[in-house]
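Here are my notes on this one, as numbered points. Have the structure open while you go through them.

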Amino acid sequence: MTTLSSQTVRLGASPATKAEAIGLAAGLLAAAGHIDPAYRESMWAREKVANTYLGEGIAIPHGMLKDRELIKSTGLSVVQVPGGVEWNPGEQVRLVVGIAAASDEHLQILANLTRVLGDEKLIEELVTTDDPEVIVSRLTGAPAPAAPAPAGEAPDLAGYARAEVVVPLEHGLHARPATELVNLASGFASDVRVQHGDRVANGKSLASLLSIGAGANARVTLLARGDDQDAALAALTAAVESGLGEGPDAAGPAPEGTISREPAVAFRPAGDATAVPG
């Protein structure tokens, strides 16, 4: 079954409330056979414990982990709200992307979505188009290659403490566990970064984390710099290794041939790290 198609896109909607907008997103997923209709309540329950607002008028409502048996297949829906709907005080959402994640098939779409946040023209196109296929193609197509960073703009990771860890999740760092990581990182004063391959994310930004596309059993590097950096890394490492709230039944096997990570207390400066922004 297709993860996102014109069948799960609603154009020109005008929900009066956040709850109504989530109901529309859930209804599209249910009509396409991705979820049991009861999953709508789970998506609303998630809003009470996490902020699903990405920024730039985009939100990604999704359900609670305990209700994943209500997901029949991975699916996404998009509700276009040209006039906007209040998500949180001071936050107007014009594009609602409903998520039902039974696997990691949606990660590329999320990565594409977070990368359009800096493109005002593309966002406007998605919010105003009268062709659902435009939304489908923009979010499911391969992202354009990132332009090389001008000299001096690569992130300076000198002085950061770091720890390498495998994300033990068969569905990768999708919205739910990424939210858990952001909430934990935000409790520390230190600057927190997460590196996957050549991409470095702000550990306190959901949109930034989703943009690195860390899939099943991805090896990532946690970085922190500040007065409480050691405490931050210890807590973040423990949280990632325990599944970021996904539970042991969601953990997949470690990739073959991986080397055991050094203990979380054995941090080292990250001055030798190389990365380019995603």
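**Notes on the predicted model**

1. Let's start with Ser-77, which has 0% relative accessibility and therefore counts as buried, the cut-off being under 20%. Bear in mind that this is a predicted model. Ser-77 sits in strand E4, which covers residues 75-88.

2. What does the side chain of Ser-77 have by it? A polar atom of that side chain lies 2.9 Å from the backbone oxygen of Ala-25. Leaving aside residues up to four places away in sequence, Ser-77 touches Leu-4, Thr-8, Ala-25, Leu-28, Leu-29, Val-96, Val-97 and Gly-98.

3. On to the nonpolar cores. The largest one has 53 residues, and Leu-54, Ile-60, Leu-113 and Leu-209 have the most contacts inside it. Apart from that core lies another, of 21 residues, with Ala-26, Leu-29, Ile-35 and Val-81 among them.

4. With residues up to four places away in sequence not counted, its contacts include Leu-54, Val-97, Leu-113 and Ala-175.

5. Helix H6 (residues 175-185) is largely enclosed by the rest of the structure, because 8 of its 11 residues are buried. Those buried residues include Ala-175, Arg-176, Thr-179 and Leu-181.

6. Now the whole chain: it has 8 helices and 10 strands, and 51% of its 278 residues count as buried. Among contacts with a separation of 6 or more, 75% come from residues 24 or more positions apart. The accessible surface is about 12000 Å², with 51% of it belonging to carbon and sulfur atoms.

Definitions and conventions. Residues numbered from 1 in each chain as written. Predicted model: local features only at pLDDT ≥ 70, side-chain atom pairs only at ≥ 80, totals over all residues. Heavy atoms only, no water. Buried < 20%, exposed > 50% of the residue type's maximum accessible area, 1.4 Å probe, protein only. Helix = DSSP H or I, 4+ residues; strand = E, 2+ residues; numbered from the N terminus. Contact = heavy atoms within 4.5 Å. Areas by Shrake-Rupley, 256 points an atom, 1.4 Å probe, with all protein chains shown as cover. Core = buried A, V, L, I, M, F, W, Y, C linked by side-chain atoms within 4.5 Å. Polar contact = N/O pair within 3.5 Å; in protein donor to acceptor, adjacent residues only side chain to side chain.
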